[in-house]
Every structure is written in C-alpha cells, then in structure tokens.
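User: Hi! Could you walk me through this structure with a few questions and answers?

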Amino acid sequence: MRMALGSGVGLRPHAVIFSAGAMIQKVPGSPERPRSSLQQSDPSGRPLLRLSVAMLGSLALAAVAPLVAAEVDSKRLEAAGGEPSNWLTYYGSYEAWRYSTLDQINRANISELRPVWAFETGIPDGGLQAAPLVVDGVMYVSSAWNHVFALDAATGEMLWRYDYPEPETIPGTYGTWNRGVAVAYGLVYMGTLDNHVVALDRDTGEEVWRVEVENAAQCGCNITSAPLVVKDLVITGVTGGDSAHRGYLNAYDAKTGRHRWRFWTIPAPGEPGHDSWEGDSWRYGGGSTWITGTYDAELDLLYWAVGNPAADFYGEDREGDNLYTDSIVALDPDTGHLRWHYQQIPHDVWDYDSAYEIVLLDLEVDGEVRKTLLNPSKSGYVWLLDRGSGEFLGAWPLVENSNWIDGIGPSGELLGRNEPAVGERTFICPAIGGGRSWNHGAYSPATGWFYSTGLEWCQTVTVRREEPREGMPFFGGEFEMEHPRSGPAHSHLSAYDPVTGERKWRYEHKYPLLASQLATAGGLVFTGDATGRFFALDADTGRELWGFRTGSGHRGSTVSYAIDGRQFVATPSGWGSALAGLTTQLWPEAADFPSGSSIFAFSLPEGSE
Amino acid sequence: MIRATAGLLLVSSAWLNAEAIDVSDPGLIADGAKHFAQSCAVGYCHGSEGAAARGPALRSRAWDPHDLFRITAEGLPGTSMPGWRGVIPDTAIWAVTAYVLSLSTDPPSGPDAMITTGLAEEPTAPRTLSADAVRGRDLFFDLTRQRRCGVCHRIGALGTAIGPNLALAARSRSAEDLSLDILDPNRSIAFGFEQVELRLRSGETVRGVLAEETEVWIRVHDSAAVPPPLRSVRKADILDQAVVERSGMPDDLDDTYSPGEVAQIVAYLREVAGEGS
C-alpha cells in the first residue's frame, strides 16, 4: 500500500500549510482542499479567514472541485488504497482491508488524540451503522431512514442533506438503518429501506435518478448495505434472507439507473444448481446479499457473499445443498454471469449467513503465494479461498463456544453437524447474532494480521415447520439467547494470522463488540463498544492506549482521512439495531444503553506531534 | 400471500362475530401464540415469547388491551413497527393481543378479561377469484420474473403505480381490448401516459412517462429499461422536448407471456375491475 503513496490520481505533492511552529507532520499525498485557496493565514499559520464551503454554497464547491481533484471514476476507485487522504469506498478500497496508511496519529502520540467536531443526524431510531465516505474534503454519510448528509470533513459543517421520503411500506424484519453510500461519477448512491436505489448530485444532494429494485410491499425485503460501484455500474445487494423471498444481486448503469443485470442467488428450473432445492422451495429460499461485496480489477471478478437459506431453521422442505446460499459467488461484473462459487455451509439450518466482507489478500499458503480471499461467516468460522478459482485453502474459528459442527475437514467438509431437531429445544452456539456480527474486521499489511471480533454467546432453538407466505418472515422456528455453558456470554477482539488463524493477542470485553475495526499504519486498531466508548489498541499487542466516550454505542465503521496535512479518525456513534435489541436478553442493563446517531471526528491538536 | 391470509382466517374463525371477547380464553391465547411466533417473535423483532430483540420486550409489562390492539393493528409511524391490519385479520390481531396480555405482569382475568372489540359483526369474506384469475394474478405479480405487469402497475396493495390503474381501466374494456392492450401497447395509449422525449445538452435522449414537472425539473419514468428509473432532468439541461405517441410499455410482452397466460391475466383484470378507483 505504501508504495502507492503520492502516485494516485488526484494526489498532489506535499504542501506545507502549518508554517512556523506548526508541528503536525505533513501527510504525504494529501490533496489540496477546494477551499484552501480561500484561506488566508497569519504568520502563525492559523487561518484568519475561513470561508466554509457551506457559506459559499454548493455551486462554489462544484466550480472549484474539478481544479483540484479528478472526478471519482473506476480508475480512482481501483487505486483507492493509494489515496489515504480519502475514504473512497465502503471498505476503504476494493481490497476491503479497512486499513489506512496514514501514521500521523500513532502509538507514540495517541494520548493527545482529541475530538475536533461532532455531527448529530437527529435520527436516533436505528442507530448509526454507516461507514462514512470522504472524498476530497467532503464526508458523505447516511443515517437510518435514508437521510444523507454531506459534511465539511474538517469542521463537521453540513453542506447539504437529502431526506428520502418516508415510504408507504417498510419491511419490518430488516430495520430502517443504512450502512453507507457509494460515490462516483459526480453522484452519491444509496439503497433504501423500501428497496430502491437513489442517486444524488454529489454537490447539491438533489436526486438525479431513483429506481425500484422490487416492490417492497410484496417482497418484504429492502436494502441496508452500501452499494458498490464497479466500472460503469452500481451494484446492490438486498435483505430478505429471513423471509419467503428469492435473493438476487442487481447492477444498474451508474449514470442513468437503467438496469443492466440481475444475478439470482437461487437458480431457476433448468439452471445448474436448481436441483439442490426440493420442489418449489427455491421460490422462497432466501439467499440474500445484505452486505457489500468487492471486486478484483486484475482478475475482473466481482465477489459477493450470499446469506442463509429460508426457512432459516427448518430445512426439511428444502432438502438438498440449497445453492448458492451460504456461498461466495464470483461473477463477471459486466454481465453478472457466475464464474465460480464456493459453498461453505450446504443446507444451512442455523441461519449462519456467509454474508460478511470479502477481504482480498495475497498470502503465502503452504510455501506458495496465493491470491486469496478471506471471508468471516456468521457461523464463527473464517474461510480462506483462492480468489481466482474458489479452491478451498482453509478455515479457522473465531470463537470457542461453537457446537454446530465439530470442525471443518481438510477439504472444507463440515464434520459432525449438530442440526436442531424439529419441535425440540436445542442448545446451539454461536447464537443467531453470529460468532461475529456483520461489522467488519481489518487487515494490516504492517503486521500481516487480520483483526476481528468474536462473540461468545449461545441460544436455544425451537424448530417449527412453517408455510411460506411471500414476503413475510420465514424463520421456521424461534430462539432464545443463552449464556455459554463455559461461563457468561462475552466478546473479544483479536489479532489472527489470516492463514492459520493463530491468535496473536486477545482483548476481552463484557458486552458484544459490534462495531467494525480500523487498522492504521500508526500501529493502531480502532473500534467502539456498546456503552459508547471509542478506543484504540496497540496493533502489535492489543494493549489499550486511548479511549473516548461518544455517548452512544458503536455499530458502524470508523474511517480515517486527511485534510490539509492533518489526519482525522471519524467514527459513527449510535446504538440501536437488531443485535442491540437482542443483547438485552443476556444483559438486561443493555435496555438502558442510549441510542444516538452522530459522527465524531478526532485529530491531534494543532501544533502537537 | 392472499392464499395465506385466507388460511389465517380459518385458523381464527372461532373468534369471528365476537364483539366482546375473553382475552383470558386459553384457546384465543394459543391462537395468538401461533401468530406471535411466526410474525412477531421472528428472529430480530420482539423475540421468543416477547423476550425482546430489536423491538422492545413485550413480556412482563403492563398493558391496556385497547392500546395494545391499536398499536398492533396500526403500527407505530416513524418506527420499524408495522401495522398488521390488512395483513392478518383483526380477529387474529385480537388473538395476538390476548397472547401478549397473557405475558404481562398482571394478566387480565375474570370480568376484567371481557373486552369489547368493536369488530364488525361479520368480516367481509375474502374475494374469491376464478382459477384462471388466480393464475393471472400470480403471473401479474410473479417475482421470479423480472418482467411482469406488477413492475409498472399497481392493483390493491401490490405492484407499483407507474403505468395506468388497470383495475380501473378494465371496467370499460372488453377482454379482447385488454389482450390487445397487453400485446400491442401502442394501439391505444391511456390519457396522461404518453411519453415525453427529452433531448439533453449532454447528447443523451431520455424518453418516458412524465412523473412530475416543476419550475426547475422534469421527472420522467425512463422507458429504456425495466424497471423504469425515475430520472430527474433539469430543464436548463434540455435542448428540446416533444410528446411522443408511443406507449412506455414494452411492446414485446408476447416473449414474456404465452397467449394462454395473457388470457389468464385478462381474466384477473376483469374480475378485479373497479377496485382501487
């Protein structure tokens, strides 16, 4: 990653803006901000006149921006990892490392880290689960109920907001939260709580196009994940895996919203894989695509992880492997055609989606450097595949409390399946919330380790046969959260060797850690907890170095960026989600954890090191 | 969905005609427990037996029966709590109410358990469609087909109102007219559903049914794709515009539906004619 510094599109060479006595180390490759030209400095380097973009209005931004940064297009997106001043995509880059090469904030000075600004969305219902994007000095963040805010990333000042009209029908099962937007071609893209995709003018927030993916009143599904832009397409997944619904992935022309292709996650009659479904079960078999996938430009493969089959717990009406649920699919991004698939859990009866992030890593496996992908699953296991072919390279556990299988064999086969019996109460670990939640881990090329949470919790499942009702909940059973037999439920954040799963260190936490990790070249791993503490650990040792209370629990994705040579770390704060509610079954006091919806940005004080 | 609703009616049939019900009745509570398990406990919402999940805990609390019924029936606007009226029958909502009351700190008993429901004496019987019309309805809304009538036409609570209201249109059109409307959409275009063609400064031409026009914007349902995206075009970006006497509807639906299927869709439209007006 480092070697790409300064070579990315839109980057400029160093520019000293904090002169005499200003001790902040200049961040390499930091792009000049549009409004820098509007600032005047006194001899101490402090801005005398700071005309904000908001004051000048969005037209000024539109007029100035092209002079300093190229439009976000596929070239910039493919090289996003080389633009540490920005956070251009949901995961920071297509590699999905959630890693920043910025090191101005580091182990040595993190005790000086201070909040610089906070922005309150005013929409606490559903918390704040997004990963903010930062593009050339402007932050774009979506809240629950599909509000989008463009902020001056240096000050938190709002430049514009977009309020999606409250829909007539909201599929209740999947919540009203939103996990982020995508930015490209002068537009901001968002999936909606009633299963539309909207594109907004990046400079003004005005709606440019809107398309319905599928009628939400009928499918009972919606979009909560951030879209992914690949080439000239905006690609979006869908929820619906716990409903009587057939899942898919859709691609739209990024400029017009015209539909380009759909990949059904469940093959239709006559298609390969269809015979892995019994009778008509394929029509209502789930297979959602509810977390953002990723793309390898060199192999020209789009990767997406597919969720569980429905009914979640009752599998006797869908005998067979149930392709392509609980699978990684690799698609031709131009056509949506399947290139290969790898199914992790054939015939899932535990609701263990493979829906989470797909991390692209070139790793030495058995003495040979392989192009791999790493995918943590709700089952509490991490799978490692060859990303060119889908070949199984290994799997390792994130959690100790796991009894759904005895283990995973050398060819990826599941050993000793513990399937809950129909009509009985079966104790299963991990719980439905997952051995890990969807919030994403981070990979640091500096340590070579993958950082991820693990959730030690269990449940009692009661399986029941259900008739599918189109678009309605289709769980096929119920569950109650339980503490593990080994002791109280808890969680941990650990560093792992991505190939062997060897644990390098472990940070224990009383409550489930449900926010994403951010790793940085400053030797830090950032995350937040349910009580509202945002904190940083030493990436080498797991030792806690710094913390700050943001007031509400953490469920979103922290990002880092730089403006005028100053590194920022920004985190969403806002409890309230499916799992936030579930936690109250094990920790009654969690019912009093306050909801919220704000962004906190941190930086070192000007003049410090 | 409609079939399932009819099934639920049967489950709850014992409680029809009940203007006053006994919410402590074990049969009613058991009926409510079934509905609760499938539609309310469901995974991430209220949890098994109301133990709490994303939605609040419902057990071990105190409730007013009418408040509980109203919230269940109408939902809570501005939250994820949907209204269940129209999805399951009101009688089933009362059964759910009775079940949740049974979980409360002080479940009603004796005379306190007799609740005036205010329900109509006889719920409207579900409409019965002919077998052809049922098949036609399934084709109209078949989500396994990316091209289907429901993408652009709404009937009742389903589908999307981009094109004309066909339940209304079917009132004044013969079965033969309706078949031709489907297969040859340019033969006659419903009033107000002509397309506008916008030639933009960017060189692009956008053609679609007009959705909205303001001083600054023209919004059209771009007919170049299915589903049609709603495009917002600044008037300042338009070189010229014209009304085009071509339907926005695809003119190759004979590739999507066989003649027999078209007849079934027409049967459906004829039987629902007049609804939604």
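User: How much area do chain B and chain A bury between them?
Analyst: Happy to start there, with the reminder that this is a predicted model, in which local features need pLDDT of at least 70, side-chain atom pairs count only at pLDDT 80 or more, and totals for chains, interfaces and linings use all residues. Residues are numbered from 1 along each chain as its sequence is written, chains are lettered from A and ligands numbered from 1 in the order in which they are written, and side-chain values use heavy atoms, leaving out hydrogens and water. In contact (heavy atoms within 4.5 Å) are 51 residues of chain B and 53 residues of chain A. Carbon and sulfur atoms carry 51% of the buried area (accessible area, 1.4 Å probe, that two parts lose on being put together, summed over both), and the total is about 4300 Å².

User: Which residue of chain B forms a salt bridge with A:Arg258?
Analyst: A salt bridge here is a side-chain nitrogen of Lys or Arg within 4 Å of a carboxyl oxygen of Asp or Glu. Between chain B and chain A the count is 6. For A:Arg258 the closest N and O atoms are 2.6 Å apart, and the partner is B:Asp222.

User: Which residue is the bridge partner of A:Trp209 in S6(B)?
Analyst: Strands (E, at least two residues) are DSSP runs numbered from the N terminus, and two strands pair if DSSP finds at least two bridges between them. Within chain A, strand S11 (residues 196-201) and strand S12 (residues 207-212) run antiparallel, joined by 5 bridges, and A:Trp209 in S12(A) stands opposite A:Ala199. S12(A) is also joined by 2 bridges to strand S6 (residues 230-234) of chain B, again antiparallel. There, A:Arg210 has B:Leu230 as its bridge partner, while A:Trp209 has B:Arg231.

User: What area is buried between domain 2 of chain B and domain 3 of chain B?
Analyst: Domain bounds come from an automatic or database domain assignment, which gives domain 2 as 131-188 + 251-275 and domain 3 as 195-244 in chain B. The C-alpha centres of domain 2 and domain 3 of chain B lie 26 Å apart, and 5 residues of domain 2 are in contact with 4 residues of domain 3. Carbon and sulfur atoms give 85% of the area buried between domain 2 and domain 3 of chain B, which is about 360 Å².

Technical notes: Helix = DSSP H or I, 4+ residues; strand = E, 2+ residues; numbered from the N terminus.
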